[in-house]
Amino acid sequence: MNDMEMNAQLEDAFAEIQPGMTPHAAQDESNRCLYCYDAPCIQACPTSIDIPSFIHRIATGNLKGASQTIMDANPVGASCARVCPTEELCEGACVLNHSSEPIQIGMLQRYATDWAIQSGHQLFRAGHSNGLRAAVIGSGPAGLAAAKELAVEGYEVTVFEKRSLAGGLNTYGIVSFRLPRAVALWEVQQVESMGVQFRTNTEVGRDISVAELLDDYDAIILAAGMGYVPPLGIEGEQLGGVYDAIELVESTKNGRPPLHFQGTRVAVIGAGNTAVDAATTSVRLGAEQVRMVYRRTREEMTAYAFEYRFARQEGVEFDWLTAPVRIVGDEKGQVTGLECVRMQLSEEPGADGRRVPRPIEGSTYLMQVDAVVTAIGQERRLSVIELLGLAHDRGVVRVDPDTYRTSHPKVYAAGDIVFGAGQGEAMVVSAAEQGKQAARALIQEGSRQAERTA
């Protein structure tokens with residue numbers, strides 16, 4: 001198979017799985033909305049999108065107004081329309097749950113933002129310059145939301161991104177069949193067209209120093225997210241055929257996936273959303289059997305319910321109460337098996353509130369696999385945190401809960417870099433909201449300083 005044929009096959013395998021609404025379906029669905037006063041769906045949306053308002057605009061044919069309402073509140077609203085756990089958020093709060101089916105808010109949000117993408121409308125406008133400069137480190141959901149909010153208030157904003165493309169998680173880390181890269185890049189373009197400068201291929205500490213940032217900018221928002229999957233700490237991780245789940249997903253978005261998954265048996269270690277992405281990616285790369293290995297039960301898995309259902313539909317199998325002990329290889333250094341042990345959960349919860357998994361003596365067995373994908377969470381961005389000299393708890397940056405200001409008076413933080421240790425849930429929509437709030441706190445502090453010096 002030549003490169004052109006391989007790329008075509010890859011494009012087909014990773015094409016977006018769920019089609020958007022037709023105009024007729026969107027009209028019918030929007031007309032079902034009760035346009036509640038003090039709507040619970042707004043309260044359930046982390047970014048507080050005025051959901052009845054944008055749905056009413058769809059019903060009246062005002063798609064520009066609908067998309068404007070969405071994106072003003074959530075600058076990654078097109079991505080969130082595809083990846084948000086709407087059944088747990090806005091749709092879960094819909095009053096129609098008590099009598100019929102909830103409004104398909106996510107699909108209507110996608111319908112409106114798809115129209116904006118296709119029409120080429122610029123939805124954001126920068127405010128008049130206030131003479132202040134802000135740096136944003138990281139261009140994922142939190143960074144984009146912060147940059148947009150600052151630009152609206154007249155800040156000169158520069159976003160520093162170490163990769164070649166902006167967009168962070170949405171561009172690189174979510175499978176294309178759920179979130180096409182073009183959608184994430186459109187959101188970047190919307191912010192960029194406000195005059196926000198994106199300096200890609202620029203890593204803080206390597207290509208620009210912290211001292212330069214602190215000298216050249218009035219304030220900094222750290223929105224660097226998290227890194228790759230940490231090591232399992234078991235024998236055999238160096239073998240050929242062992243993959244980082246995030247790198248695996250990223251390889252498909254870059255058009256350079258592993259070529260030997262066809263007909264293989266794959267074990268994915270972990271049970272979060274990234275693990276599901278890795279498992280369903282393996283299926284679409286041609287794996288014959290894909291098993292997710294998790295040391296707890298279905299009840300404790302952290303993947304969204306709709307992600308779990310999708311994995312089951314894709315044919316992914318689940319090995320609950322199972323933990324990896326060792327990765328086994330052949331004389332050529334290639335994976336041939338995963339040694340596992342059966343687990344049982346403690347009667348009493350541990351420090352994190354969940355029952356503790358413990359191995360069952362004598363229950364070790366060998367799972368025959370050709371590849372192992374690790375998806376046990378992500379590493380923290382300790383290097384940039386320490387370069388900035390910020391207080392943190394094992395890589396979770398400490399921030400004031402009201403202002404998102406860090407231990408450094410010029411630095412604010414938002415998104416994955418502050419999630420954990422009780423500081424919120426790592427969702428795209430939550431990261432975007434934190435970026436907004438951090439920017440607004442920075443703006444308020446800038447206004448107070450201007451008043452004091454006036």
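1. In this predicted model, the buried residues of helix 4 pack against helix 2 (23-32), helix 3 (40-44), helix 5 (63-73), helix 7 (90-93) and helix 8 (105-119). Helix 4 itself spans residues 51-59 and is mostly covered, with 7 of its 9 residues buried. Those buried residues are I51, P52, S53, F54, I55, I58 and A59. After helix 4 comes G61, which has a positive phi, near 85°.

2. The largest nonpolar core contains 71 residues. Within this core, the residues with the most contacts are L150, V157, L213, I221, L222, L388 and V397. Helix 17 (residues 428-453) gives the most to this core, contributing 9 residues. There is also a second, separate core of 32 residues, and V175, A271, Y294 and V316 are among them.

3. When its neighbours within four places in sequence are left aside, L213 is in contact with A135, I137, F160, V204, I208 and I220.

4. Helix 13 (residues 245-253) and helix 14 (residues 273-284) have axes that come within 9 Å and cross at roughly 50°. Helix 13 is therefore oblique to helix 14. The crossing of these two helices is left-handed.

5. On the side of helix 13, the contact is made by A245, I246, L248, V249 and T252; on the side of helix 14, by T274, D277, A278, T281 and S282. By type, the residues of this contact comprise 5 nonpolar, 4 polar and 1 charged.

Definitions and conventions. Residues are numbered from 1 along each chain as its sequence is written. This is a predicted model: local features need pLDDT of at least 70, side-chain atom pairs count only at pLDDT 80 or more; totals for chains, interfaces and linings use all residues. Side-chain values use heavy atoms; hydrogens and water are left out. A nonpolar core is a set of buried Ala, Val, Leu, Ile, Met, Phe, Trp, Tyr and Cys residues joined through side-chain atoms within 4.5 Å. Buried means under 20% relative accessible area, exposed over 50%, partly exposed in between (1.4 Å probe, protein chains only). Helices (H or I, at least four residues) and strands (E, at least two) are DSSP runs, numbered from the N terminus. Contact means heavy atoms within 4.5 Å. Axes are lines fitted to C-alpha atoms, for helices over the stretch in contact, and angles run from 0 to 180 degrees between N-to-C directions. Angles under 35 degrees count as roughly parallel, over 145 as roughly antiparallel, 65 to 115 as roughly perpendicular and the rest as oblique. A crossing is left-handed if the near helix is turned anticlockwise from the far one by less than a right angle, and right-handed if clockwise. Ala, Val, Leu, Ile, Met, Phe, Trp, Tyr, Cys and Pro count as nonpolar, Asp, Glu, Lys and Arg as charged, and the others, Gly among them, as polar.
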